[in-house]
Every structure is written in structure tokens, then in C-alpha cells.
Amino acid sequence: MRGLTYLSKALHSHSSYSKLLILCSVSTGGLLVYAESNVESGKQVVEKNQPESKKKKVVVLGTGWGGTSFLKDLDISSYDVQVVSPRNYFAFTPLLPSVTCGTVEARSIVEPVRNIIKKRSGEIQFWEAECLKIDPENCEVFCRSGIRDNLAGHNDFSLQYDYLVIAVGAQANTFNTPGVMEHCHFLKEVEDAQRIRRTVIDCFEKAVIPGLSEEERRTNLHFVIVGGGPTGVEFAAELHDFVHEDLVKIYPSVKDFVKVTVIQSGDHILNTFDERISSFAEQKFQRDGIEVLTGCRVISISDHFINMKVKSTGEHVEVPYGMVVWSTGIGTRPFVNDFMRQVGQENRRILATDEWLRVKGCGNVYAIGDCASVDQRKVMEDISSIFKAADKDDSGTLSIEEFRDVVEDIIIRYPQVDLYLKNKHLLEAKDLFRDSEGNVRKEVDIEDFKLALSQVDSQMKSLPATAQVAAQQGAYLARCLNRWDQCKSNPEGPRRFKSSGRHEFLPFGYRHLGQFAPLGGDQAAAELPGDWVSMGHSTQWLWYSVYASKQVSWRTRYLVVGDWVRRYIFGRDSSRI
């Protein structure tokens, strides 16, 4: 006891002794615990006595690809972060078509949000609620909890913010087609995939009931997918495999009545992919017996029929169905529409941001993912300012040397310039100065400069509404906020052509890493960087490896791979759960 009393006095009087004691007493657990207890209690006192620094409040709406990527990369030591989402989990949405047919279980592709944020030392607060309204003037968001009303307490609350990150994704776009909301399934959420799975089993169970005519059985087992994009095509392929590998074995009496149809308004399915992939997918679907109706537009949907118009003939056709999945595009959520009206974007279809992901008309609000679109500035809008900034000697002409001094900033600020150079196979920017005979001019005036860049803006393209775009935007925005103070004092972005100085940050640049289209039968197609196209069984194994590696945790990675193995050994589960 005397020894402990002496050590206690030494710890209080000489802080260096405590460090020495911890290093020298690893083998004596009791002394180690005693030393740690005193050190920690002393640290708490210091922290309480220190004045708390005023952290900026960051409110994040949504826990999808953009929001989760932002939270994982943000340095939360500099910010007070609050997250609001009606879903308390992150879902690996590219695998939703697999969930519809039991290839992968729903819980295998979701990771609880609180598991993700607890890895950040618990400094991120999460509220399971839905955003109802954004008040940009007062920097406030109004939310409502979706948890059932019979629990104690109120459901409505509001949050103040210094910076707001809107990452709520999008909802299905019905294009105001009559009957879609009442009779169709969508495939945007985990709950959607689970409903589709139950409906597929219901269709088969109803079809085998005694007393039904063959026509009624065919109608019940006609599965229609409206939309020939990646989601619709992948679901059609998954459903075909589910039917022919599993369901026909347990429902053999109706196997000849099953039909899968894809309705596409365009001329081809997968029209955002390379035409080689589109052609390969159509040929494979034809071999598999999946009907593809291109050039057809759905007019309305009733409880038993789809009314569609064939564009080539103008003919109206009624198609009976058992289940319809609507997968034709995305639309803006209601509260985002209301916010757009407040910031002067009421005439737009989707929320517009600048190249730094700031919402136009609202400097402290950012939007990432499917809910927003980057409004890239055109070169021709600033062509006079660019020429003036490059013309250092005010001669009224631009030399090649003067152009070289600004070309890097031009390419960073206007990425369509780089795309134009590559598409025209121009090795250097000075090749823009060539005349009609192919000779490089030493100088150009403002009119020749405008003519040289007049076609550049034709290369502008909207970013696709994909998971990898949202994830890259979330990571980019987190990096900007992490380096806010540093870049304010030492800007890293391109020069401002309409004023002096430079932009604080580099604008967002999307790096396309490729895209997959699983086509069923353990075959897939892939469009890879560098104009590479891969199709067949080997591509399916590449798909497996990429999607397993992209899981957000080792838990979901293990579960997804385990589901794939289980499917190979035991087949898919046909229980209606």
C-alpha cells in the first residue's frame, strides 16, 4: 500500500513518471490499469477546461452512394456532422436485380448506417427521418420521422446548417403515364426488390390453381419490363434464369406458359452502351426466348392490360400481363422540386450545380448523385474573356506562346476542350491554330480564335445517373471540405478568366471506370476504359470479382459471396417471404 501511495503522489506531481510507468509495467496488469486510469482522468479535465472551438455544421441528406462516400472521406474533426435519411442503412443498389429473384438476399447488400459512422469515433449524428423542406434563406431543413406515431414524442424537427449536402438520389419517373403508379413495380429501393420477389411467386402460385384456362395462366405468367436500360435488362436476365433454373422444376405444369417481355421506346436496348454490347444482348435475349419490343411507347396501364403504341405504324396494341416492372428513368423528389423553385430553378427538370457541385443560386448548398446534374459552363460563353486574359501584350492577337500559357487552365476549367482534341486526334492544343490548309498560324485574332473553338462545346455530355458518379462526387466534395482553409489561402484551381486570381478548388472531374451489363446464363458484357469491350462467361467472373470488392464492409462482402456460392449449390429460394 505504501508503494502505491508513493506512486500515486509521483503520478500527480511528475507527469513524465506516468509515461515511464506505462512503458515499464506492461507485464503487471494492475499497475497498468492504475496508471491509465489517472492519465485518462487528467486528460478529461484538460479537455473540459479548454474552450470549445466553433465547428461548422454540415447536414447531409441521404445515405446512398454519394452521401456514404462523403461521410467516409470527410475529416469530421473540423465539422459537426448530422445525417438525415429515411433509411438507416446503405444499400448496394447495383445488386438489386439479384435480390428480386433470390440470387442474393436483401440483408446481404445492406450495411447499417450506424455501423459506418461508428467507425468515425461516433462523432457523426444520424437521424432516421425524411426531409420535408429546405429553407435556404435561414439555412434550415425541416424533417419528419417515419417511425410509427404510437411511440412517445413528436415526429417533426428542424436542423440548422452552415453547409448542406443533398444526396437523396431520385425516384422513378412515370412521365405521367396513366396507371403506372397504381399497377407497376419499381426497382429503386430494397423494399421494391422484395415486393417484386413476392409478386413473382404469387404469379406462379396463382397460375397453378385448378380451373384456370390456358389463357389465364399465360396472362398470369407474362412478366413485362418497361425500359431497356441496364436495370431493366439485368432484371429480365435474372428473372429468366430464376424461372428456367429453379421455378420450372417446382412448377412443371406451367413451364410452357411463362413469357418475359422487354418494351423499349428506342431502337435498341442498352443504348447507352457500345453498340456491340447492345447487339450482343439482343441476340442473347432472342436465343433465350426473351421478347424484345423496340420502338414501342407505353400509353397507359390498366389492371390487366398494357396499352402501347408502335412508333413505326402508329398502331395501338393491348398486351395482357401478370406483373409489370417500370424502369424507364429517374425523376426529382418533391421536396427537391420545392427547393428548386426557391433558388430560381423552377424551369429545370433536375437540380443544377456548378462544376464544384454547388447548387446554382445557393452558395452553401451542395448536391451530389442522381438528384442533381453538373451544369458545365460553355467555352463560347467566356471566349472573349479567355482571349483577353491570354493576350498579355494587348496586341489584339494571340500567339502560340500566349495560348500555351493558358491552355492548361482552359482544359481544367472546360473539360470539353480536352475531349474535342482527342476526338479530332489533335495531339496538341496548338493544332487548333491550323488554317484550312493545315498550316499552324503564328498568331490569331479574336474571330479566328472563336472559329477554332466554335465546335468544342458540342462535346459536352451530361454525367450518367450511376453509382460510380455519385461515389466519386461524394469523395470529391469531402476532399474539398477537408482542405477548405488551405485552399482559401492557397488556391489550387484554374485561373478566373472573368476576374483576377484563381478558383479555390479544382472542378469535379468524373473518371469513367467502365460499366457492366449481366445478361443471364452466367454471361455478362462490360464496357471498360480505353474503348475495351468484353462479353461472355469470363466477363461474368470479372463482374463477380468487381462487385465483391466494391462492397462497403467485409460483412456484406462475405454475405454476398456466400449467397453466390449457395445459389450454385442449392439454387434460389422460392419461398414467399
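This is a predicted model: local features need pLDDT of at least 70, side-chain atom pairs count only at pLDDT 80 or more; totals for chains, interfaces and linings use all residues.
Figure 1. The protein contains 20 helices and 26 strands. Its C-alpha atoms fill a box of roughly 95 × 85 × 50 Å, taken along the principal axes. Of its 577 residues, 47% count as buried. Among contacts in the protein with a separation of 6 or more, 63% are accounted for by residues 24 or more positions apart. The accessible surface of the protein comes to about 30,000 Å², and carbon and sulfur atoms hold 51% of that surface.

**Figure 2. The open sheet of strands β6, β7 and β8.** In this sheet the 3 strands follow the order β6-β7-β8, and their pairing is antiparallel. Strands β6 (residues 130-135) and β8 (residues 156-160) stand at the edges; each has a single partner strand, so one side of each is left without a neighbour in the sheet. From one strand to the next, the twist averages 25°.

**Figure 3. The hairpin of β6 and β7.** Strands β6 and β7 run antiparallel and are joined by 5 bridges. Within this pairing, C131 has C143 in β7 as its bridge partner. The hairpin has 4 residues between its two strands. In the turn, C139 has a positive phi of about 50°.

**Figure 4. The pairing of β7 with β8.** Strand β7 comprises residues 140-144. This strand runs antiparallel to β8, and 5 bridges join the two. One of the facing pairs consists of E140 and Q160, the latter lying in β8.

**Figure 5. A nonpolar patch on the surface, formed by W541, V561, V565, Y568, I569 and F570.** Together these residues have about 670 Å² of accessible area. Helix α20, which spans residues 554-570, gives the most to the patch, with 5 residues.

**Figure 6. V565 in helix α20.** V565 is found in helix α20, the helix that gives the most to the patch. The relative accessible area of V565 is 43%. Because this value lies between the limits of 20% for buried and 50% for exposed residues, V565 is classed as partly exposed.

How values were computed
Residues are numbered from 1 along each chain as its sequence is written. Side-chain values use heavy atoms; hydrogens and water are left out. Two strands pair if DSSP finds at least two bridges between them. Axes are lines fitted to C-alpha atoms, for helices over the stretch in contact, and angles run from 0 to 180 degrees between N-to-C directions. Patches are made of residues with over 30% relative accessible area and no salt bridge: like charges are joined within 9 Å, nonpolar side chains (Val, Leu, Ile, Met, Phe, Trp, Tyr) within 5 Å. Accessible areas come from the Shrake-Rupley method with a 1.4 Å probe; for residues, only the protein chains shown count as cover. A salt bridge is a side-chain nitrogen of Lys or Arg within 4 Å of a carboxyl oxygen of Asp or Glu. Buried means under 20% relative accessible area, exposed over 50%, partly exposed in between (1.4 Å probe, protein chains only). Contact means heavy atoms within 4.5 Å.
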